[in-house]
Structures are given as structure tokens and as C-alpha cells.
Amino acid sequence: MKLYYSPLSTYSQKALLAFYEKGVSFEPQLVNLMSPEGKAAFEKINPIGKVPFLKPNDAWQVPESTSIIEYLEDKCPGTPRLIPEDREQARFVRFMDRMTDLYYNEPAVELLFQKIGFRPKDEAKAEKAKKYVAITYGYWDQALARGPWLCGANFSMADCAAIPVMYYAQMSAPFADHPNIVAYWKRASERPSYQKVKAEFEPIWKDLAPKS
Ligand SMILES: N[C@@H](CCC(=O)N[C@@H](CS)C(=O)NCC(=O)O)C(=O)O
């Protein structure tokens, strides 16, 4: 299976976490989103131009991080589940995954990009983003009072969605005044799957990120 991804991309890291948690191997295909040539070449494969993008074989292609995890869940039986079999619990994982992508990833990245000058300052967008992040942290505080991971006792797709964003959010949407979330971040940081993801992207980020 070929996985097209970019190490700095939060959605790519979400898919990578799923591969590493499941111990499923893949052929890495790095996409350089910052080079116009790299992007143009990738758009010939995925016209939407977004990573991650999975090409399991010649007949199939799977865009979207959540769909990639759903695909692995179905096609790699016997690997650790990231979406529970129980329908009620699965619905909760999918809900937390959607909440995290839409109301945490997008706003936290908006705040980060405004902060480091990748996007123009926009007070209205920043205010809306801060509001969504605060609501997300509220949900997480409640969830993490019930168990070590966002959806309870087991690491799930929702954790794959959340953890990559938290690294950048320390800079743009801090959670230091939420003790449950701080403890969750510590647990997540120690997870071997995340350490593997971090070993790949952190050196690139440290070169790129503003120093102050
Ligand atoms: N909903 C998509 C979002 C993917 C996404 O936005 N990826 C970003 C990187 S984190 C990207 O490829 N951006 C390039 C672009 O928008 O041109 C998913 O879950 O995979």
C-alpha cells in the first residue's frame, strides 16, 4: 500500500498513527506541499491535492484520513481496533473524530498559521477559532475524567485525530490550565506510535518554525 503524506501535516500524522498502532506496513510516498512542482505532481494522483492519500492497489484509492483508518480497520483484521465493534461505542469514536477534525484541528491550525505568519491576521477568524478550541477542551475535560483516552479505556481513532494537533496547539491554543488534558498529552507523548511520528516530523518543524 502506498501512503502519500507529508510529515508536518496533522492529518497525515493521524493516518500514520493508525498504521503504527496497527503494525501495518506501507510504502511511504512523501509529498512536498510547499513546492509548487511537488504539489502539481501530487495533484495528478489526487486532484484535490490533500494528504494523506492511500493507494492500496491499482484498483483502489482512499482519500481522507478518517476513510483511511476505516479502510485499515476493515482490511486488516486481527490488528488492534481503533473503532470498536460495539456500534454505540463506535458512534462515539466517530463523533469525537469529527469534532476533533472540524472544531479542533482546523481552528488550532488557523491560530497557528496566523501566529507564525503563514496566514494573514484576522481577528474575526481567530475569535471563532478560540471559541471552538475552548468548546473542544470542554468536551475533552469531561471525557478524560472518565478514562485515559478520549473515548474511554482504549486508544481509538479519536486519539489519532487529536494528538498530532496538540503538538502545535501548545503554541497556538494552549491547554496548560486543563489538568486532565495535560495528563493526556503526557500519556500520548509517551506512546511508541507517536514517538515514531514525532521522530520524523519534529526535526523538520524545528528548522521551519519561528525561533521566538
Ligand atoms: N479532511 C482531510 C484534510 C486533509 C488536509 O487538509 N490536509 C492538508 C495538510 S494537513 C493538506 O493536504 N493541505 C494541502 C492543501 O490544502 O493544498 C483529511 O482528513 O484527510
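Biologist: How many residues of domain 1 are in contact with how many of domain 2, and what makes two residues count as being in contact?

Modeller: In this predicted model, 12 residues of domain 1 are in contact with 18 residues of domain 2, where a contact requires that the C-beta atoms, placed from the backbone, lie within 7 Å. The domain assignment sets domain 1 at residues 2-75 and domain 2 at residues 87-208, and their C-alpha centres lie 20 Å apart.

Biologist: Which helix gives the most to the side of domain 1 that touches domain 2?

Modeller: That helix is α1, with eight residues, although α1 and α3 each supply at least two residues of that side. By kind, the residues of the side of domain 1 that touches domain 2 divide into seven nonpolar, three polar and two charged.

Biologist: What makes Tyr137 count as buried, exposed or something in between?

Modeller: Tyr137 has 19 C-beta neighbours inside 10 Å; a buried residue needs 20 or more and an exposed one has 12 or fewer, and therefore Tyr137 counts as partly exposed. Tyr137 lies in helix α5, residues 123-146, and touches Phe175, His178 and Ile181 when residues up to four places away in sequence are not counted. The C-alpha atoms of Tyr137 and Glu127, 10 residues apart along the chain, are separated by 15 Å.

Biologist: Which residues of α8 are buried, and what covers them?

Modeller: The buried residues of α8 are Ser193, Tyr194 and Val197, and what covers them includes α1, α6 and α7.

Biologist: What makes Glu64 count as partly exposed, and where does Glu64 lie?

Modeller: Glu64 has 17 C-beta neighbours inside 10 Å, which falls between the cut-offs of 12 or fewer for exposed and 20 or more for buried, so Glu64 counts as partly exposed. Glu64 lies in the loop between β4 and α3, and phi of Glu64 is near 75°, a positive value in a residue other than glycine.

Biologist: Which residues surround the ligand, and how do they divide by kind?

Modeller: Glu64 is one of the residues that surround the ligand, and others among them are Ser9, Thr10, Tyr11, Lys50, Val51, Pro52 and Asp101. The shell divides into four nonpolar, five polar and three charged residues, with α1 and α3 each supplying at least two. Pro52 is placed in the loop between α2 and β3, and the peptide bond from Val51 to Pro52 is cis, with omega near 5°.

Technical notes:
Residues are numbered from 1 along each chain as its sequence is written. This is a predicted model: local features need pLDDT of at least 70, side-chain atom pairs count only at pLDDT 80 or more; totals for chains, interfaces and linings use all residues. Helices (H or I, at least four residues) and strands (E, at least two) are DSSP runs, numbered from the N terminus. A residue is near a molecule or strand if its C-beta atom, placed from the backbone, lies within 6 Å of it. Ala, Val, Leu, Ile, Met, Phe, Trp, Tyr, Cys and Pro count as nonpolar, Asp, Glu, Lys and Arg as charged, and the others, Gly among them, as polar. Domain bounds come from an automatic or database domain assignment.
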